[in-house]
Amino acid sequence: MALKIPRIFGVGTDICSVQRMTHMIDRGPQFLDRFLKRVLHDQEIEEFKKINQSQEDVKQAGQYLASRWAFKEAMVKASGNTGLYYPGMYLKKGENKGKPMPTIEGELNVKILFEELQISGIHASISHEDQFAVAFVTLESLLVI
């Protein structure tokens, strides 16, 4: 009988400037909408729009975008695969709105992560302060012995 032991496949971390994202918001809706559709999942776009309803929330909206960008970049680094489709990787809020739950969608992402790389678990953590957002991702696979 084969024994399956979880092991770390890869880790990735990324840091993103909040100012970089607030600058993008300030460039206007045409540029911003193109960026959102290219990078974020529909659910993330809706969350972002709720945060970005007024000029007073630009900093918080920038923190949101920076944290999501950092998560997606950390996923690429942990997997070692630059072919991942960004809108198909997103974080859902956990039941207690604490621990983020990485969610993978789309045929390409499923193929790369679960079929080719044999990823069996994804763990993520994000955080932000005034100037920066950071994300850390750990990918697990099963070692069969």
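User: How many bridges pair S1 and strand S5, and in which sense?
Analyst: S1 and strand S5 (residues 132-144) pair over 13 bridges, in the antiparallel sense. Two strands count as paired if DSSP finds at least two bridges between them; strands are DSSP runs of E with at least two residues, and helices are runs of H or I with at least four, numbered from the N terminus. This is a predicted model, where local features need pLDDT of at least 70, side-chain atom pairs count only at pLDDT 80 or more, and totals for chains, interfaces and linings use all residues. Residues are numbered from 1 along each chain as its sequence is written, and side-chain values use heavy atoms, leaving out hydrogens and water.

User: What is the bridge partner of valine 11 in S5?
Analyst: Threonine 138.

User: And what is the strand order of the open sheet?
Analyst: S1-S5-S4, three strands with antiparallel pairing. Strand S1 (4-17) and strand S4 (119-128) are the edges, each pairing on one side only.

User: Which strands does helix H4 lie across?
Analyst: Helix H4 (residues 58-79) lies across S1, S4 and S5, and runs at about 140° to S1. Axes are lines fitted to C-alpha atoms, for helices over the stretch in contact (heavy atoms within 4.5 Å), and angles run from 0 to 180 degrees between N-to-C directions.
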